[in-house]
Amino acid sequence: MSNQEVQTIIATDCGSTTTKAILIEKVGNEYRQLVRGEAPTTVEAPFEDVTKGVLNAIMELEELATEYYKTDAAKESKFYNKPRVFVKNEQIIRKDPNDKNEDGCDIYISTSSAGGGLQMMVFGVVKGMTAESAQRAALGAGAIVMDVLAINDGRLPHEKIERIRALRPDMILIAGETDQAKPKHVIGMAELVKSARPTARLGIGFALPVIYAGNQRANDDIRTILEKDTALSLVPNLRPTLERENLRPASDKIHDLFMEHVMQQAPGYDKLMKWTDAPIMPTPGAVGLIINKIAVMQNKNVVGVDIGGATTDVFSTFKLEDRDGVVHQKFNRTVSANLGMSYSVSNVLLEAGLDNIMRWVPFDMDEQELRNRIGNKMIRPTTIPQSKEDLDIEQAIAREALRLSFIQHRSFAVGLKGIQQEKGISEAFDADSSNDSIVNMMKLDLLVGSGGVLSHAPLRSQSAHMLVDSFLPEGITQLAVDSIFMMPQLGVLSEVKAPGCDKAAMEVFDKDCLIYLAISICPVGHVKEGKPVVKIKADLPDGTKLNEWINANQLLRYDMPHDTEVEFEIEPASGFDVGEGKGKKVTRKLRGGVVGLVIDTRGRPFNITKDMKNRVEMLNKWDISKNYKPKSHKDGV
Amino acid sequence: MAHAYTPGLKVAAKIVIEKTRKLPLLGQVLVKKGDKIPSNTIVAKTELPGKVYPINVAGQLGLGKANELIECMLKKEGDPVKAGEIVAMSKGFFGFFKSEYKAPIDGTITQISQITGQVIFNAAAIPVEIDAYVDGDVKDEIPSEGVIMRTEGVHIQGIIGLGGESYGNIMIVAKSPDQIVDISMINDTMKEKVIVCGSKITTEALTKAKNVGVAGVITGGFDYQDIKDILGHDLGVAITGHEDIGYTLILTEGFGTIPMADRTYKLLKKYEGFKASINGATQIRAGVMRPEIIITHNEPQEEKSLKNYAESGLEKGDQIRIIRSPYFGKLGKVISLPVELHKVESGTWVRVMTVDLDGKEVLIPRANVEVIEK
């Protein structure tokens with residue numbers, strides 16, 4: 001890599017089923033994502049070499065880029081009407097200064113969740129304290145946490161050992177006790193791990209990577225117990241004191257071991273690792289990075305969600321004031337391992353219950369038929385809804401998957417437990433005694449959706465509607481989606497040290513990745529049918545003048561693009577809050593999006609009727625897509 | 001992208017089938033390369049570590065410090081113990097008030113911790129064996145891990161199954177691929193057989209089949225909500241094979257009442273009375289695994305060689321099956337594969353194909369069909 005700003009970047013994400021490639025190039029003074037290619041992932045038999053899928057995806061990129069550079073949009077480019085070449089002799093090529101065609105790229109990077117991603121078990125001493133911190137470190141690094149074991153998790157020691165043996169994780173993280181404590185319990189946990197004689201998921205006969213990030217006074221004992229039978233790494237305590245979490249060293253070590261041990265065992269990754277200009281990162285870890293970066297740069301509270309076929313990841317960065325009054329931005333990630341839209345779709349039915357899914361379906365349907373349809377989606381996960389009826393069912397399921405994942409996230413994203421002085425010691429040891437989430441919906445600025453059902457909904461208004469129904473934003477919130485799921489690639493790009501990479505990640509995120517859907521105004525309070533909830537005064541860019549009270553139980557949409565700022569006066573009725581307190585008026589300049597402005601006066605908490613006849617009537621009344629006219633293919637055409 | 005297609009489930013009359021038979025841990029391989037063996041031959045064995053009982057013996061003896069434990073132990077690490085045998089005794093007070101600790105199990109002491117006062121007792125190892133699963137030859141040995149078995153015959157993949165590996169002779173119960181098998185059609189002659197149903201088997205019939213002692217049930221469809229009656233709980237994700245239900249259930253088409261594909265039914269009927277090795281294990285995730293039916297036979301191949309769809313892709317005239325509503329389960333023939341995206345009723349722009357469906361031309365998303373592979 002030279003010191004010149006990079007011009008051409010290729011980034012891939014090797015998913016479980018599909019490998020996605022994007023091309024980012026400097027166009028004039030700015031970086032843009034130009035084309036996207038994809039191909040089936042080739043980790044499994046008969047190929048068993050991830051690089052074949054990568055090359056196929058990049059070759060599709062070549063074809064599409066060549067087509068792009070034939071269009072008028074590329075007339076000013078030096079590549080106009082020239083073929084683009086990125087692959088030669090089954091290798092991704094780099095630009096050669098002597099090559100006048102400028103074939104190849106400057107930077108190639110990749111993320112990966114193929115082969116089931118990174119699967120970890122974590123151990124701590126107290127479930128709600130060090131075990132929770134360890135879980136946060138593993139999740140933040142992009143792992144799927146298969147189980148969390150702690151002294152007080154209610155399981156007997158032999159049950160814990162059975163569990164370690166049964167799960168066969170890729171990696172184990174052990175934490176526990178602060179550095180001031182006399183080592184005891186954490187050593188007991190290490191002894192349990194040793195007794196289980198755990199084996200690695202990939203590669204029979206390989207030593208299992210174990211990271212110890214607990215009480216540093218126990219380091220020598222931990223070495224004695226685990227060094228012989230496992231690939232042990234010691235890092236600084238992730239909870240050195242009750243008041244402080246230090247997750248970074250453990251998370252970094254997880255990334256290193258993911259590359260050194262886990263990826264080395266996966267087919268073709270030894271080759272792929274040599275091709276990339278930055279370490280391969282687990283996909284969710286990279287998404288978390290970009291969301292956190294945006295939140296920090298824009299000083300906003302952000303929630304991101306990625307709803308996939310098997311799992312749903314939720315990310316949040318919220319400002320949190322410590323006891324000294326200093327404001328920090330705290331990042332959290334959760335993964336709901338069995339809430340998804342294809343492989344796990346039946347599990348959404350199971351966890352949400354049929355009634356909760358049916359409440360979002362705008363027509364009546366036989367229960368057995370619905371169950372069979374959902375079952376058939378699970379066993380044929382790549383199919384897509386052809387009929388409107390099928391689409392409505394999928395979007396109903398998505399609302400519940402998102403709702404449940406977000407509930408899990410909010411209950412996990414809490415302040416550090418065990419430091420509240422006013423609590424008794426018994427409460428401090430009770431994992432559920434403190435559940436005040438730092439994800440405060442009234443303070444949420446930006447909600448970003450990602451994943452097929454949100455990014456590829458036929459109409460962007462449907463994506464906005466799903467986000468509002470499942471996350472129930474409060475007050476004033478900007479809604480957005482990731483246009484084509486490129487957040488993972490941008491996440492890892494933002495970490496590359498070469499000149500221009502961080503800038504490229506941020507510019508592409510803002511211009512091509514993020515599609516602003518709408519600004520939502522959702523007053524909080526208990527609604528009564530026919531009673532006014534909020535008065536909104538604004539002159540919208542299309543000439544619509546808002547200046548009226550809006551009654552309860554409405555979901556309204558108005559056109560309002562993102563590029564024009566509009567002055568709003570929002571006056572909640574007595575008993576309702578839009579951010580400044582009950583009944584207090586808010587005056588603010590707001591930007592909309594491709595869907596526009598969404599006003600939700602259904603109240604918070606929002607309770608939808610389960611009575612079929614009323615339900616169908618209400619759902620049809622709230623259908624904000626009825627009068628939505630998309631302006632370009634990006635808005636859903 | 002022109003080659004984009006969803007591979008169908010394999011329904012082959014005669015192919016070479018290789019099955020890897022591996023131990024969960026390193027062990028001993030009991031057969032040699034080239035051996036001709038029946039399906040029930042044990043090909044490899046090993047021992048899984050026995051149950052582990054970590055006991056805080058220092059606490060049980062009432063010792064003040066964990067490091068005093070070593071002096072109280074009557075056994076050392078690696079010693080075998082019998083349940084009830086005294087393994088540790090405290091020194092007491094001037095030789096009086098001694099307390100003792102007895103081994104909770106027959107096994108071995110694997111660890112005595114002077115830091116935590118914990119003693120770890122290991123129960124005897126659990127023997128594990130794996131069999132050949134199919135009648136055939138040992139193609140290769142995998143040292144200390146297992147073998148690769150090779151056979152020739154019918155290979156049919158189902159869409160989802162319950163229960164693990166099983167064997168039995170094929171017995172046709174449904175008179176046609178669209179017949180629903182009910183309780184009146186199940187009888188004692190089906191004991192240890194792999195029975196073949198049509199578009200569905202009712203839960204009552206399935207319960208009776210289990211009581212009769214069938215080895216396996218192959219059916220076109222089955223109601224999703226009836227799975228709860230079999231398992232005692234719903235099926236959330238399609239990762240199966242470990243269910244202890246007493247037989248193996250394989251669905252060839254999907255959930256609901258769906259006739260078994262004609263070709264599948266005819267193949268099973270042709271080999272009625274032959275031994276089938278079946279496995280319900282399904283994993284619809286990365287590393288997709290479908291349930292399977294293998295029937296070893298030496299009959300000559302009647303068909304021309306298989307078309308390689310992975311290379312040629314779908315073409316005009318190919319037979320397909322629609323795998324999503326509104327035409328779920330219907331068979332058709334590809335008329336054309338337009339390159340450009342089309343808008344379907346849901347409003348989604350997708351790649352489509354036009355299909356001849358009983359003389360009617362319909363537009364179907366390419367993702368919603370599977371090729372009928374022969």
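**Legends to close-up views of a predicted model**

**View 1. Helix α8 of chain A is mostly covered.** In this predicted model, 13 of the 16 residues of α8(A) are buried. The helix runs over residues 283–298 of chain A. From its first C-alpha to its last, α8(A) reaches 23 Å, close to the 22 Å expected at 1.5 Å a residue. What follows α8(A)? The helix is followed by Asn299(A), whose phi is positive, near 50°.

**View 2. Chain A as a whole contains 18 helices and 24 strands.** Its radius of gyration is 25 Å, close to the 26 Å that the globule rule gives for 637 residues, so chain A is as compact as a globular protein of that length. Along the principal axes, the C-alpha atoms of chain A fill a box of roughly 75 × 70 × 55 Å. Of the 637 residues in chain A, 54% are buried.

**View 3. Domain 1 of chain A touches domain 2 of chain A.** Chain A is divided into domain 1 (8–105), domain 2 (116–278) and domain 3 (302–632). The centres of domain 1 and domain 2 of chain A, taken over C-alpha atoms, are separated by 37 Å. Seven residues of domain 1 of chain A are in contact with seven residues of domain 2 of chain A.

**View 4. Chain A is in contact with chain B.** The contacts involve 46 residues of chain A and 46 residues of chain B. On the side of chain A that touches chain B, at least two residues each come from α3 (157–167), α4 (185–196), α9 (345–352), α11 (367–379) and α12 (388–412) of chain A. The largest share, eight residues, comes from α11(A). This side of chain A has 17 nonpolar, 19 polar and 10 charged residues.

**View 5. Chain B is divided into three domains: domain 1 (11–20 + 152–296), domain 2 (52–123) and domain 3 (312–371).** Domain 1 of chain B is written as two stretches of sequence, 11–20 and 152–296. Taken over C-alpha atoms, the centres of domain 1 and domain 2 of chain B are separated by 52 Å.

How values were computed: Residues numbered from 1 in each chain as written. Chains lettered and ligands numbered in written order. Predicted model: local features only at pLDDT ≥ 70, side-chain atom pairs only at ≥ 80, totals over all residues. Contact = placed C-beta atoms within 7 Å. Helix = DSSP H or I, 4+ residues; strand = E, 2+ residues; numbered from the N terminus. Nonpolar A, V, L, I, M, F, W, Y, C, P; charged D, E, K, R; others polar. Domains from an automatic or database assignment. Expected span 1.5 Å × (residues − 1). Buried ≥ 20, exposed ≤ 12 C-beta atoms within 10 Å, placed from the backbone. Rg over C-alpha atoms; globule rule 2.2 N^0.38 Å.
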